[in-house]
Amino acid sequence: MTQGPNAPVLPGRRAAAPPRRPARLSGPRLTGVALGWVVAYGALRIYWRLGHAPGDLSPVGTDLVVLDGWDSVGLCALALPVIIALGSGRALSLDGTARRTLLVAAGGVAIAFAACAALLLLDVIGAILPGLGIEFYPIGALSRSACLASGVLVALAARDYRRRTRAGCGACGGAAAPGPLDRTPRWAYAAAYFAVAGCLVRIAAQAAVGFGQNPMSSGVSAVLFEVGFVLGGSVLPLALVHSWGRTWPRWTPRAAGRRIPRRLVLWPGAGISGALVLYFGLMLLQMFWERLNGRNPFPATGGLDLPETFFWFAVPGYFAWGAGMAVAAVAYARRTRTACRTCGH
């Protein structure tokens, strides 16, 4: 005999508890972790600035770009009141304009941290594929990782604040996110194919100057990089918008028809697109600045002499690849999530 949803619990039996979601870092705990991390990283920046820096930390000498030295210390100092405000109980009652201002400030600080750590893209490639010839700076990579982690923590604090100040779910009273997309919108398809086009532009630029004109070493690492390059510029963007990026195709052994774990597609898409946008976006700005001042943004160095035109196609191609995939990743995130993170409705 089965019991209905409103039937009394039989003696000797306990009512089945609803499944509990794993505890997440949020609220005061998240505020404390974010504050402690940023304070510790800021103290390290001060220590290095006072003459204790360990030497060359990247191909450009410093570990960070955009904001370095005392500027990076100032960024850490700016982040502290933002984190405190996000975790403050008073901030929960802010009106629409003040709430949006706080979220914009937090987003700006998080982006600034991420932009400063843009060289982390080279660290990741150099560490995973050491045979490419990209020099790896361990201490600099750790510093850039800590800088990026600071931005991530600020972004998580902002997301937690946004969640706590959002209208509640009608089923459980929890904070409800915007409803999931019932289909992939056209703008997401356009963004994904725009990303693929950016990758093709980058390949075409290399073909125009010759594939032998490449600063990377040859060997297994180079082959793996090229395979990952092609997959990341074609399969991954399209997986973010097509059904085979959410459900295993029919020809997949033992997994056909099953749902693909969300993180398996979303995390690489978001991570790679963010890295491309930050790194090559900053490079593109630098190129404009150098050219406006009458200088070649990429003078011949290290025996590599490529025409400037190559970079004016390759760098925007990379940026378009990252920007398009970032938009497609947003659509994928909304397409595959539930409206309420508490009860799943």
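Here are some questions and answers on how terms apply to this predicted model.

The model is predicted, so local features need pLDDT of at least 70 and side-chain atom pairs count only at pLDDT 80 or more, while totals for chains, interfaces and linings use all residues. Residues are numbered from 1 along each chain as its sequence is written, and side-chain values use heavy atoms, with hydrogens and water left out.

Q: Why is S273 called buried?
A: Buried means under 20% relative accessible area, exposed means over 50%, and partly exposed lies in between (1.4 Å probe, protein chains only). S273 has a relative accessible area of 2%, so it counts as buried.

Q: What makes G245 buried?
A: Its relative accessibility is 0%, and therefore G245 counts as buried too. Across the chain, buried residues make up 38% of the 345 residues.

Q: How do you know that S273 touches G322?
A: A contact means heavy atoms within 4.5 Å. Leaving out residues up to four places away in sequence, S273 touches P268, G322, M325 and A326. With neighbours within four places in sequence set aside, G245 is in contact with A239, I260, V265 and Y332.

Q: How do you know where S273 and G245 sit among the helices?
A: Helices (H or I, at least four residues) and strands (E, at least two) are DSSP runs, numbered from the N terminus. S273 is found in helix α9 (residues 262–292), whereas G245 is in the loop between α8 (235–239) and α9. The chain has ten helices and zero strands.

Q: What makes R45 and W48 lining residues of the second largest pocket?
A: On a 1 Å grid over the protein atoms alone, a pocket is an open set of points where a 1.4 Å probe fits, with protein on both sides within 12 Å along at least five of seven lines; lining residues have an atom within 4 Å of a point. R45 and W48 are among the lining residues, as are D63 and S72. Helix α1 (residues 27–52) gives the largest share of this lining, three residues.
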